Amino acid sequence: MLDSLFRNFDSIIVLDVETTGLYPKRDEIIELAALRIDRTRDILSSGNELDLLVKLSTGRHLPPVITGLTGISEKLLEDDGITKELACERFLALLDCSNPLLAAYNAQFDLNFIYHFLTRFGKADLLGSVKMLDAMTVYKDRRTYPHTLKDAVSAYKLKTQNTHRAIDDVKATFELLCAMEQECDDLERYINLFGYNPRYGINGRRIDSVRYLPQPYDALKKLYE
């Protein structure tokens, strides 16, 4: 299971965020989930799974379209959400491990939000040396358009469905990485390599450690070649 990645990393942290919108500088994380898989593969160990609802800032409201998409309501965030400070502490505690790899589906989106989230607490520099893997970049090299997580779940007949709830999407992404590795053992070639749609350019802030390459829908070779 993900042997090619564990040859280079001691832990793999798959993460996902649900947010109030598309723009990290003005929108907020409302749900943060992560699953840390250590070299022991014991993904059920206490402390290795994170699933947090995060309270809105004072005066902020949740757009109805987000509630419709995720099922998360303002009342749910108020009743069950934790403060941003506590969410930051718990995420950093999960990140506090030896030689981790961060992975996500459409990682550019999630990592931009994580970066801005940590910036408000002066902790964004902790991401500087962490390697990153975008499962969507890999999937685009394996299957034709469309390329949503829902499409990937269907294509690989994964057990966990794409529900737009963070922990489900984390588990689906982990299953997807395992399935794609079984199909072709080249995941390590995508470390810190993100594809982007050449028509629209890079979405959000460039991550300094990441190499960005245009990735058309009809590519004739793999992005790393």
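Ile 167, leaving aside its neighbours within four places in sequence, is in contact with Ala 33, Glu 49, Leu 50 and Asp 51. This is a predicted model, so please hear everything that follows as computed from that prediction. Ile 167 sits in helix 8. Its relative accessibility is 11%, so Ile 167 counts as buried.

Staying with helix 8, I turn to its partner. Helix 8 covers residues 166-183, helix 6 covers residues 135-142, and their axes come within 11 Å. The crossing angle is roughly 40°. That value makes helix 6 oblique to helix 8. The crossing of helix 6 past helix 8 is left-handed.

Which residues make this contact? From helix 6 there are Ala 135, Val 138, Tyr 139 and Arg 142. On the side of helix 8 they meet Thr 173, Leu 176, Leu 177, Met 180 and Glu 183. Sorted by class, the contact of helix 6 with helix 8 holds six nonpolar residues, one polar and two charged. As background on spacing, an α-helix has 3.6 residues a turn, so residues three or four places apart point the same way.

Now helix 6 by itself. How many of its eight residues are buried? Eight of the eight are, and the helix is mostly covered. The buried set includes the charged side chains Lys 140, Asp 141 and Arg 142. It also includes Met 136 and Thr 137. The packing partners of these buried residues are strand 4 (100-104), strand 5 (131-134), helix 7 (149-155), helix 8 and strand 6 (193-196).

The N-terminal end of helix 6 is capped by Asp 134. A side-chain oxygen of Asp 134 lies 3.2 Å from the backbone nitrogen of Met 136. Past the other end of the helix, there is a peptide bond to check. The bond from Tyr 145 to Pro 146 is cis, with omega near 5°. Pro 146 is in the loop between helix 6 and helix 7.

Helix 4 runs over residues 84-95 and helix 5 over residues 107-119, and they pack at an angle of about 115°. Their axes are 10 Å apart. Here, too, the crossing is left-handed, with helix 4 passing helix 5. Helix 4 contributes Lys 84, Ala 87, Cys 88, Phe 91 and Leu 92 to the contact, and helix 5 contributes Ile 114, Phe 117 and Leu 118. Classified, the residues of this contact of helix 4 with helix 5 are seven nonpolar, no polar and one charged.

Next, backbone torsions. Two asparagines have positive phi. Asn 106 has phi near 60°, a positive value in a residue other than glycine. Asn 106 belongs to the loop between strand 4 and helix 5. With 29% relative accessibility, Asn 106 counts as partly exposed. Asn 192 has phi near 55°, also positive and also not in a glycine. The loop that holds Asn 192 runs between helix 8 and strand 6. Is Asn 192 buried or exposed? Its relative accessible area is 11%, and because the cut-off for buried is under 20%, Asn 192 is buried.

Thr 20 is in the loop between strand 1 (11-19) and strand 2 (29-38). At 4% relative accessibility, Thr 20 counts as buried. What does its side chain meet in a polar contact? The partner is the side chain of Asp 27, at 3.3 Å. Beyond its neighbours within four places in sequence, Thr 20 is in contact with Asp 27, Glu 28, Ile 30, Leu 56, Arg 60, Leu 62, Pro 63 and Ile 66.

The other loop residue is Asp 208, between strand 6 and strand 7 (211-214). Asp 208 has 71% relative accessibility and counts as exposed. Thr 160 is 48 residues from Asp 208 along the chain, and their C-alpha atoms are separated by 32 Å.

Key. Residues numbered from 1 in each chain as written. Predicted model: local features only at pLDDT ≥ 70, side-chain atom pairs only at ≥ 80, totals over all residues. Heavy atoms only, no water. Axes fitted to C-alpha atoms, helices over the stretch in contact; angles between N-to-C directions. Helix = DSSP H or I, 4+ residues; strand = E, 2+ residues; numbered from the N terminus. Parallel < 35°, antiparallel > 145°, perpendicular 65-115°, else oblique. Left-handed = near helix turned anticlockwise from the far one by under 90°. Contact = heavy atoms within 4.5 Å. Buried < 20%, exposed > 50% of the residue type's maximum accessible area, 1.4 Å probe, protein only. Polar contact = N/O pair within 3.5 Å; in protein donor to acceptor, adjacent residues only side chain to side chain.
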